[in-house]
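I opened a new page for this one. Here is what I looked up, in the order I went.

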Amino acid sequence: MSEMLGKLAYYMEFPFVRYALIVGVLIALCSSLFGATLVLKRFSFIGDGLAHVAFGAMAIAAVLNFTNEMVVILPITVVCAILLLRTGQNTIIKGDAAIAMISVGALAFGYLIMNLFSTSSNLTGDVCSTLFGSTSILTLTTKEVWLSVILSVVVVIFFIVYYNRIFSLTFDENFAKATGMKVELYNLLTAIVIAVIIVLAMNLVGSLLISALVIFPALSAMRIFRSFKSVILFSAGISVVCALVGMLISILAGTPVGSTIVAVDVAAFLICYFIGRARN
Amino acid sequence: MAQIICRDLTLGYDNEVILTGLDFRVDEGDYLCIVGENGSGKSTLMKTILGLTPPLSGSIEWGEGLSAHAIGYLPQQTLVQRDFPASVREIVLSGCQNRPGFRAFYKPEDRQKAERNMERMGIADLSKRCYRDLSGGQQQRVLLARALCSAEKVLLLDEPVTGLDPKITQEMYELIRSLNEEGITIIMISHDVDEAVRYASHILHIGKHVFFGPRDEYIRSDVGKYFLMQEGGGEE
């Protein structure tokens, strides 16, 4: 035990480890907030679709040699988020197919572009780390850390201020519309915020695993809790705890960060599932 | 006193006209049932009254202090709601959001209003329960309480008894009638024309033949006789 703590203390001396922990916790918090809404509105796969789009955008940014890849990734992902949530509003099947189409399309083109134009000597490694986020969380620059912190704060404030409207929109869009709420505007804002979260989360778990970060905490919370507020609070809490535990395990055991966090999320879900069943 | 006056409405989407030349009015305290065959434009008319679909032509006039957004709306249940993790109180409170201007949080008045309407609907003891654990009838009461939070004067109910068993259906109709007796104007869309005729004060029948008028006239009219006979026969 003391050996583990010693090892941990040793790693904590490195600023990049501290950065990774801070950013990881913030990302876990943000991504869990909208999880319940997406799961309940049957949009679980939107995270996956957008993450693949972000992967494609990243490939383009890499090929064009942008020093700050965010400049390319963020706008492309936001536009796709708006398009996807738009089509999904009325017809679920159409939205579903649109997500599948855009996500695999972007994935294929991203890899193709990287293959054709990349100057990197370790292409497979690059692709792997983008898809599974193996090292990017540990190589954050101070600028990226600040960007993540600011964006996270904005997301959390947005969520708190619009919490009641988000509830209405999730529970009953028709009623919200009938009482004069500007539903399209709020859907648009939500789409943009979700895109921002996805782009942030890409650093932590890579683009293939983002959905897990969004939906697992919400699904876990929904096993146990029966009011919207408690579902949101618990999913935020469990998401942060899982991210922390996952990152610490990966530091100590040398496992890849993203997949370790997701594995912890899955374990938490199973625990919640059995607690929920035992209660009924 | 007139609350809603519709003049020469033409309803439809884009290029497709569903209904033309619709004239009717709703007075304070009326109980109007909108009936008609499937596809006759009932839900389009409802969306038009709610201000979600603009009429292709014609006009809707609102009485004093009323507008499309000041109508309490009871929509049909959606798939999403059936397993929604939300407490009864949270849902009823969400009816308090149609105030002018932006407010992020509920005020104490809103909470009192929600409490009052939960008591009115006889669901005060369920306020902490989860919506998905309630029976169909209880869920409808929750949504009615929410509608009452958003508007006190006019309620628009879209097929409020769909999927309820006969006993609960009767309770629901009685509940709606008691609200009407308290002075709330009721506009109800229904496919159950027998029940509509029993409770309503006015009938608006849309479709190939259009009828608008008091209930007794409808029963004597040709459209009414034909439709009542057909529907009554169809249910056996």
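**Chain B: the sheet**

I began with strand 1 (residues 2-13) of chain B, which is joined to strand 2 of chain B by eight bridges, the two running antiparallel. For the record, strands are DSSP runs of E with at least two residues and helices are runs of H or I with at least four residues, numbered from the N terminus; two strands pair if DSSP finds at least two bridges between them. Within this pair, I found B:Gly12 opposite B:Val17 of strand 2.

Note on what I'm looking at: this is a predicted model, where local features need pLDDT of at least 70 and side-chain atom pairs count only at pLDDT 80 or more, while totals for chains, interfaces and linings use all residues. Residues are numbered from 1 along each chain as its sequence is written, and chains are lettered from A and ligands numbered from 1 in the order in which they are written.

Next I looked up the whole sheet: it is open, has three strands in the order 2-1-4 in chain B, and pairs antiparallel. Strand 2 (16-27) and strand 4 (57-62) of chain B are at the edges with a single partner strand each, so one side of each has no neighbour in the sheet. On average, neighbouring strands here are turned by 15 degrees against each other, direction ignored.

I then checked what packs on the sheet, and helix 1 (residues 42-49) of chain B does, touching strand 1 and strand 2. Its direction makes about 125 degrees with that of strand 1 (axes are lines fitted to C-alpha atoms, for helices over the stretch in contact, and angles run from 0 to 180 degrees between N-to-C directions).

**Where A meets B**

I looked up the interface: 23 residues of chain A are in contact with 22 residues of chain B, contact meaning C-beta atoms, placed from the backbone, within 7 Å. On the chain A side, helix 9 (163-171), helix 10 (173-178) and helix 13 (228-253) each give two or more residues. Helix 9 of chain A gives the most, with five.

**Helix 9 of chain A**

Among the buried ones I noted A:Arg165, A:Phe167 and A:Phe171. The cover comes from both chains, including helix 11 (183-205) of chain A and helix 2 (79-82) of chain B.

Technical notes: Contact = placed C-beta atoms within 7 Å. Buried ≥ 20, exposed ≤ 12 C-beta atoms within 10 Å, placed from the backbone.
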